[in-house]
Structure formats: structure tokens, C-alpha cells
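Grab the structure and work through these exercises with me. Try each task before you read its solution.

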Amino acid sequence: MVLRPGDAVALQGDLGAGKTTLSRALLRALADDPALEVPSPTFTLVQPYDFKRFPVAHLDLYRMEDPDEIDELGLDEMLGEGAALIEWPERAEAALPADSLWMTLEATDAGEARVATFYVGEGDWAERLSRSFALHRFLDEAGWQGAARRFLQGDASARRYETVRVGERHAIAMNAPARPDGPPVRDGKPYSRIARLAEDVRPFVAIDKALRERGFAAPEIYAADCGAGFLLIEDLGRGAVVADGAPIGERYQAAAALLADLHACDWPREVALEDGGVHHVPAYDRDALMIEAELYLDWYVPDVTGAPASAEAAAAFRDGWNRLIDLMEGSPRTWCLRDYHSPNLIWREDRIGNDRLGLIDFQDTVIGPEAYDLASLAQDARVTVPEALEEALVASYVALREERDASFDADALRRDYAILSAHRATKIIGIFTRLARRDGKPGYLAHMPRLFAYLERSLSHPALADIKLWYDRFAPK
């Protein structure tokens with residue numbers, strides 16, 4: 001489903017052409033409820049639906065006499081929060097948004113079949129529709145003809161996910177167009193290149209292969225078109241490591257134990273791909289760590305204060321974080337899956353050992369300090385981890401590492417954990433501000449109090465005394 005908030009879909013056609021039938025099917029698909037009651041809005045003009053993803057309004061303008069009445073119906077407000085399906089749109093054509101999608105339905109000689117013709121003006125409808133049709137072809141060619149497709153909640157990236165089902169078979173379709181480089185932000189490089197972010201699906205395929213070879217529960221890849229950015233992958237289920245918005249301690253402990261096993265592996269710096277290519281797992285180096293931390297300066301500070309950070313504050317921030325990165329120079333390196341937290345951990349009750357935890361969203365894996373993924377888990381950005389549970393997770397991880405390696409340095413691990421948890425909180429405060437202000441996703445701001453509480457915890461470690469002074473002095477209050 002390519003529909004998203006702000007979209008207006010104008011449905012044209014003669015009486016009996018199927019406009020209401022199509023609207024009813026679209027609304028039921030959005031609700032994921034084939035039995036949803038969808039009355040015709042012929043007499044009410046507007047029928048609103050408050051779906052989980054976003055609200056959708058179903059309009060029938062057949063009885064509308066004056067195009068200006070569309071303003072009285074509140075179309076602008078509807079599109080400000082959700083989408084609109086509009087039958088008989090020609091009654092108010094001039095008042096509809098310039099980026100509306102116009103669809104004309106025409107009857108045919110083949111019984112109930114209809115011909116749909118799309119008209120696209122402004123906006124990116126052509127790209128979205130073309131990609132949806134391409135995904136349909138990909139599934140057909142993979143042997144999943146006629147698959148029922150349903151939207152699946154994804155992450156904050158440009159990737160989109162759908163469940164696909166044919167009979168008893170089911171899988172997940174990943175729709176991940178190659179990420180454009182974007183404008184240069186430093187040394188002629190875009191942000192994604194500096195931060196070591198995956199720019200297509202090949203890193204996912206490579207990391208998935210290596211994880212599965214070592215016995216970790218990454219999804220099997222059933223079909224791939226890396227050039228187009230389409231993958232058909234195993235559906236690992238919907239089991240969660242949280243309940244009622246709170247961590248399930250036993251499952252978080254299992255995730256910490258899995259990390260100890262993962263960090264005991266000798267991970268390669270290069271992974272061969274079936275197409276003959278090689279994925280080079282990038283280093284989580286100083287440039288990547290710094291540009292992520294500076295998201296706090298770039299987005300959060302000006303959002304709160306209305307002005308960029310002062311030259312003095314920015315210089316002190318960079319000096320402080322550079323010194324902390326220096327402290328980790330000699331720390332052991334391993335694969336960091338990068339977002340090892342509750343949305344990306346699938347609990348599988350019927351499995352045992354590490355197979356109980358399905359792993360997803362690891363395409364941005366880098367080679368970095370061992371403590372990074374532990375910080376992602378024990379200071380989960382989406383779920384409040386109580387301080388006692390956080391300490392228990394770190395302690396159990398340390399105990400498992402010490403059992404296997406007499407040379408394991410627990411003090412260094414805890415120091416790195418404090419540094420990287422503070423870094424991660426700082427980075428995500430910047431990212432969530434950017435998502436709210438630039439991308440129109442204000443819901444992310446609800447996580448801010450949790451992130452600041454985590455940051456305060458981490459800054460209490462003696463190794464962070466200097467950077468704590470920066471937050472005490474310069475951080476917006």
C-alpha cells in the first residue's frame with residue numbers, strides 16, 4: 001500500500017464504474033479487516049476512519065453543488081493528519097491539491113473487470129506506483145503469484161515492509177530503494193557515507209548470511225533483487241521482548257547472553273556475496289562516531305534555543321567527545337549490529353538458546369567497540385529500562401565474557417559502556433528531533449524524557465566527568 005498521510009486520491013468514473021467498491025477495498029486493506037463496514041458517504045459527504053496507521057476520510061462529492069464547499073468539509077485538515085479518497089472529484093477539481101492522484105475507472109466487456117487509468121501531476125506518485133508494481137513483478141517471478149500483501153510497520157528509514165501470503169506460505173517483502181548519497185556535508189562526503197550507513201540492500205544480505213552461518217536466527221532470504229532493492233525474507237514472527245510497554249526481564253537477559261555469544265565469534269571484515277561481489281564491513285571510526293554525536297548540535301540545540309550552538313560550545317563538545325573516543329582506541333573490536341534493541345528482537349517462545357531471538361535490521365553493521373550493542377539493549381531508546389535491570393544486564397554480560405576469556409577487562413568494558421550509552425543517547429536525541437521537525441514525525445519526541453534520563457545515568461561514570469561539565473554548562477535546559 002503506497003498511500004500515506006497527505007495523499008488525496010481522486011476517483012473518477014460513471015455511475016456503476018466501481019468507485020465505491022474500490023474505496024471499500026482500499027479502506028478494508030488499510031484497516032486489515034476484510035469485514036470492515038464501509039457505508040457510502042453519498043448523503044453524509046464525508047465518512048472518517050481512524051485507522052492505526054493514520055486517519056483516512058472517504059468523500060463523495062456527487063451532491064455537492066459549489067466547489068467552495070470542499071473548504072467547509074475541512075479537506076485541508078483531513079490531509080494534514082491523514083489521507084482522503086474522493087469520489088466524484090470533478091465537482092471540486094480546482095479545489096483539490098495539485099499533487100492529487102487521479103484515477104479513472106471504466107467498465108469493460110469482460111463482466112466485472114475494470115480499466116483503471118492513472119493521472120499524475122505534481123508529487124512523487126509516479127515513483128511510488130512504479131515501485132509498487134515492480135515489487136508485484138518481483139514477487140511473481142519469485143514464485144509468489146497472487147500473494148496477498150499487507151502493510152507491516154517498519155522503522156524510521158526509507159525502507160518499507162509488507163507481509164505477503166500465498167495459501168499457507170508467508171514471508172516479509174522488504175522494499176528498500178537505494179539510498180541517495182545526499183548533499184556533501186563534510187570533506188565532500190554525504191552524511192550516510194561518513195556515518196557508515198548502508199546505501200542499498202547488499203549489506204543486509206551479507207550480514208544475514210554471516211549471522212546464519214554462525215547459528216544466529218537471522219531471516220532466511222527466499223529471493224533477492226539487490227539492484228532494485230527488493231528482498232523476500234523469512235517471517236520470524238511477532239513475538240516481542242516487551243509487554244505493556246515494559247521490558248520482559250528474562251527476554252532482555254537472553255538478549256544480553258546472545259550478545260556475549262556473538263562477541264565471542266571471530267567476525268570477518270569482508271563477506272562474499274552470491275553475485276560475486278564483496279561487502280566490506282566498515283569500521284565504526286572516529287568520523288562516524290563524531291558526526292552522529294554532532295546531530296545533537298545540528299538539530300536538538302537549535303530546536304530548543306532557536307539558534308545554533310555557540311562556537312565555544314561546539315568546539316568544547318567536539319573536544320570532549322574526541323577525548324572519549326581516544327579512551328576507546330585500544331578496546332577490542334567486534335561486529336556492532338547498531339540497533340540491537342526491542343523493535344529488532346523477535347521472541348520465539350517455541351525455540352531454545354539463541355534461536356529464541358530473531359534478529360532483524362542489521363544492515364548498518366560496523367566493526368566497533370564491544371560495548372555498543374550492549375548499550376543499545378540496556379538503554380533501549382523505545383522502552384524504559386529500569387536502572388536495576390540495566391545493571392543486571394551489564395553484570396550478566398560481563399560474567400559470561402569473564403567465564404570464557406580470562407583476559408577480559410570488565411572495567412574497560414564498563415567504561416566503554418558508559419561512553420557509548422552517553423553517545424547513543426546524544427545521537428538519538430538529535431535523530432528524534434530531526435524526525436520530528438524535518439520529517440513531520442512528532443511522535444518521536446515522546447521518547448525524549450527517557451533519553452535524557454539515560455544520558456544522566458551514563459554521565460555519572462568518572463570517565464565522563466569532563467563531558468558532563470559540558471552538558472551541565474552548555475546543554476539547553
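**Exercise 1.** Find which residues are linked with Arg4 in a network of salt bridges.

*Solution.* Start with the rule: a salt bridge is a side-chain nitrogen of Lys or Arg within 4 Å of a carboxyl oxygen of Asp or Glu. Now look around Arg4: the network links Arg4, Asp7, Asp124 and Arg128. If you search the whole structure, you get 33 salt bridges.

Two notes before you go on. This is a predicted model, so local features need pLDDT of at least 70 and side-chain atom pairs count only at pLDDT 80 or more, while totals for chains, interfaces and linings use all residues. Residues are numbered from 1 along each chain as its sequence is written, and side-chain values use heavy atoms, with hydrogens and water left out.

**Exercise 2.** Work out which helices the salt bridge between Lys427 and Glu292 links.

*Solution.* First, check the distance: the closest N and O atoms of Lys427 and Glu292 are 3.6 Å apart. Finally, look at accessibility: both Lys427 and Glu292 are buried (under 20% relative accessible area; exposed is over 50%, partly exposed in between, with a 1.4 Å probe and protein chains only).

**Exercise 3.** Decide whether Asp472 and Lys468, which form a salt bridge, are buried or partly exposed.

*Solution.* The closest N and O atoms of this pair are 3.0 Å apart. Both residues lie in helix H15 (residues 465-474), four residues apart, about one turn of the helix. Asp472 has a relative accessible area of 45%, so Asp472 is partly exposed. Lys468 comes out at 32%, so Lys468 is partly exposed too.

**Exercise 4.** Say which residues line the second largest cavity, and which helix gives the largest share.

*Solution.* A cavity is a set of points on a 1 Å grid over the protein atoms alone where a 1.4 Å probe fits but cannot get out; lining residues have an atom within 4 Å of a point. List the lining: Ala375, Gln379, Ser421, Arg424, Ala425, Ile428, Leu451 and Tyr454. Helix H13 (410-437) and helix H14 (448-458) are the elements that give two or more residues to this lining. The largest share, four residues, comes from H13.

How values were computed:
1 Å grid on protein atoms, 1.4 Å probe; cavity = no way out; pocket = protein on both sides within 12 Å on 5 of 7 lines; lining within 4 Å.
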